[in-house]
Each structure stands twice: as C-alpha cells, then as structure tokens.
Amino acid sequence: MTMRLLSSLSTLAATLALTACASAPTELRGTGDLGVVIERAAGRVQIVEHSHDSSLGNVDGLGDLSHAHVVFSRDGRYAYVFGRDGGLTKVDLLTRRIAKRIIQAGNSIGGSVSQDGRLIVAQNYQPGGIKAFDADTLELLSEVPAEYAPGKFSRVVGLADVPGQRFAYALFDAGEIWVSDFSDPRKPVTTRYPAGKQPYDGLVTPDGRYFLAGLFGEDGISLLDLWHPEAGSRKILSGYGRGEEKLPVFKMPHLRGWSLAAGQAWLPAVGHHEVLVADARSWQETARIPVKGQPVFVMARPDGRQVWVNFAFPDNEWVQVIDTVEKRVIHTFSPGKAVLHLEFTPRGEEVWLSSRDSNRVTVVDTASFAVRKELPADAPSGIFFTSRAQRIGF
Amino acid sequence: MDRSLLIHVAVLLGLTALAVSAAPAAEPAPTPERQQTLVHMVRQDCGSCHGMRLAGGLGPALLPERLAELPDEALVATILNGRPGTAMPGWNRFMDEAEASWIVARLKEGFPSLQ
C-alpha cells in the first residue's frame, strides 16, 4: 500500500518535473555554462549552454547588432548587449527576457564592466566618448566626451576595464590612450597618453597591468604599463611591415586579453598575412608566423598551448590553429562561410565558431579538431560565454 | 560665314557634349544573381566598418542624404581604389566599374535590404 502510494507519488513528481522542463525556464539552474550568440541581422540573441552544447532560446528586439558586444554581470545572470545603434540591453539569461533597454548613443561599438561590477561603461563613435551606467538600473551616471581638441571628438575603441575602477581605451581620431578612473562614478578623472596613428583596438593583459593599443596608421603597437603610468606609453613592434607592401585591409582586426599565451603576446599584423609574436616581458619581437590571410581574431586557448586565428574578407572561410611551442600552424580548416568569431569554453576543451554566411555555429573539439556539434543560427557573429564575467579586460 | 551661326553651332556642340557626359554609363546592369551578391557584400562586408544599416561606424554613413551632394564618379573611384590615409581599401579585386556604379546608384536612392 505504502509502496504503491510512493510509486504513484513519484510518477506524479516526474510528470510535474517534465511539465516544468517543457515550460522552461522555471527550472532551477546555474549560469556558469551559459552564453549568448549574436544573430546580427535579426537583432536577436540566442541563449546557449556549453555543458551539452545546445540552444536554450532566443531574445528578440535588440536593434542593430552589427558589431555587437556583450559583457556579463558578475553573478553571470545578466548579459549587457551593446548594439551598433547605441542600444544597451540588459538581458536576463535565466528568464530569457529583456530586463532593461536604453538607447545611449547614436553609434556604439561595445562596452565593459567595472572591477566591482557596479558600472557598465559604453564606448561610442557618435557622440565620441564613453558613458558610465548603473549596472542595476542603467541610469546614466557620468560621461567622458572624447574631446581631444576644442570641438573635436574622437571615436573610441578598445575599451577595457582595469583594476581600481578604471577603464583604458584608445581614441582612433586623436591617436591617444586615455585612462579614466571611476572611483567616484559621477566624477571620473581622466589621464591622457600619446598612442600613435589611428589606434584601431586595445587590450589589457589578463593581470590588468599592460594596456596595448594596436595601430592602423603605422606599423606598431602602443604599450602603457598601468603599474608605472608615470613612465608614459611606448611603441613596441615598430615597423613590423618594413620593406613589405601593406595589403588593403578589408576588415579591422580585434584585440583582447586572450592574446597572451605561453609567455608571449600573439597579435594580428595589420595589412600582412602574419601573426606577430612578442615576448610578454621584454616586448621584443620573437617570431612572425605566416598565415592564410589577414588575421582578425588571434585567440589563445585558455591553457595557452594553442592560438586560433580567423581572417578578414576574402579569406574569411578559413581558421588556422598555431601551436604556441612550435610557433607554427598545425591545423587549417573551414567550419563554414564568413567565420566572424570564436569563443572557447572556460577551460578550452572546445571552441565555438560562428559562420555568418553558413548560418551556423560549429562546436569543435580543440584536441582532435573533430566537429562536436552544429547549431543553426541566423547570420551569427559574436559568441560570448558568461565565464568572461570573471576575467579582467572582458 | 556668319558669326552668329558659328556661335550657335558651338553652343549646340557644347550641349551635346554635356548631354553625353551626363548620360548614365552604357554598361549593362549586373545580373539579378550578381546584384544579390553585391547587396550582400555591401551590407555585410562594407557593413563591418560602415554598419549593416550603413549608418556609419569607423567608416562614414552611406545613407542617401549624406551621399546626395557627392558626384557619382568620385564615389565609384573611392569604392574601386580606396582612400589613402583612411581605413578605406580599394575593392577593385571584387567588382568592376559598372558594378561599383550600380552600387553608387542604389546607395543614393536607399540601399536594398538583404534577401
């Protein structure tokens, strides 16, 4: 009797559990394996998870998502999606709903989250500058217009959070690096450093010490030691293209803290079919690795043993893998047409690659290079996992 | 010979020359398939700097109100050869002059959406 009652109770419980699953997302779950895939033309994101490599659902209505960027709240629950049209949308990854949405600028390319997680900072082209928002309410707290000369505003690139509630970024039109301290979020204090001609993007090393701004208008990288800011910025890898004709650049490369691996910095050469390698202490060039096209993303697997590279149009169907000890390409393949982005799982056993023109995301095993899964997606671009919330400079 | 006749002839010749140079290029329009490829290229690949909605980014906006004042030939030349000193590359490896002219005409009237 008791047994029968128990068994029918457990059947009932199972039925209820199934019902709960079907009407997700009421099921209790963590967020450490969640992520966001941008569907750029549709103005939509997919919420995905990498424990079983699946898509959980969509969130619509995010505006123009060309060059969209995503950062995460430190609890991994909310994704802040920056759209090209200046939209800033706070998406709840668990309920898969928009928690808050504002239009904060006319033209934006991304943003960052402060060390303490309380500030969301957007980097804008129009109006040129950065703006700080309360992470909970998206209330505007302050802004730093990128006015580098009276009445002249620069487009801002390469924004990165650095320790001490500071943000480092570069001014494309001014050729400068600025560091703004938001210790008082309503009264930021900004310091300016010369960078070089047309910085196109920036990165901070994973320890938060060095800010690097890649230069488009000249061959080289501008380096600022944030532990010794009084020493100012300096040029590294100057003239890496000397004696070779620079090729036309059909897509700007991207930089981020994933460039550091095996004690070296792995950086795209602008206008050359090469990855540049520099010692991450002396910042002297140690190698140049010939690759299939002009690199866009040069990303180290989290353990640093491999560096994965995708390429600018017209070589953007290819992906190459570099072994960081042998410093040579060990694998070349095409996961689809127009590969725009890739993202490693937190410990790097797999990588997700988006193929815009093949309308899919491909999950690849980084040890065997076997395809683990293909997920359909509408013209996917950026892929962002919540593990970014715990890293400096993401 | 009458002076006024000469002037008339000269004016007529001048007008004819003007009419010829103002006439649209005689090159045939791209095939419908090629047009789709060009629309895709402009929205997606040019869009990585100019924005998918062509409202600008690292590159300037390519919307009709901004392009209206600029001569077609200058825009075609910019597409094909790029602009030194800026991030704009030349795209002549990927299209010919007739195709660049077709793109300029579409940009000036409001560019087609992706299929």
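Where does H2(B) bend? The bend of H2(B) falls at Met41(B) and is about 30°. A bend is the angle between axes fitted to the seven residues ending at a residue and the seven starting there.

This is a predicted model: local features need pLDDT of at least 70, side-chain atom pairs count only at pLDDT 80 or more, and totals for chains, interfaces and linings use all residues. Residues are numbered from 1 along each chain, chains are lettered from A and ligands numbered from 1 as written, and side-chain values use heavy atoms, without hydrogens and water.

Helices (H or I, at least four residues) and strands (E, at least two) are DSSP runs numbered from the N terminus.

| Helix | Residues | Residues in the contact |
|---|---|---|
| H2(B) | 32-50 | Arg34(B), Gln35(B), Leu38(B), Val39(B), Val42(B) |
| H5(B) | 97-109 | Glu99(B), Trp102(B), Ile103(B) |

Contact means heavy atoms within 4.5 Å. The buried residues of H2(B) pack against H5 of chain B. Among them are Leu38(B), Met41(B) and Cys46(B). Buried means under 20% relative accessible area (1.4 Å probe, protein chains only). After H2(B) comes Gly51(B), with a positive phi near 85°.

Now the cores. A nonpolar core is a set of buried Ala, Val, Leu, Ile, Met, Phe, Trp, Tyr and Cys residues joined through side-chain atoms within 4.5 Å. The largest has 40 residues, and Phe211(A), Leu212(A), Leu237(A), Leu267(A) and Trp283(A) touch the most other members. Strand S19(A) gives the most to this core, four residues. Another core, of 23 residues, lies apart from it and includes Val42(B) and Phe94(B).

Note on methods:
Axes fitted to C-alpha atoms, helices over the stretch in contact; angles between N-to-C directions. Buried < 20%, exposed > 50% of the residue type's maximum accessible area, 1.4 Å probe, protein only.
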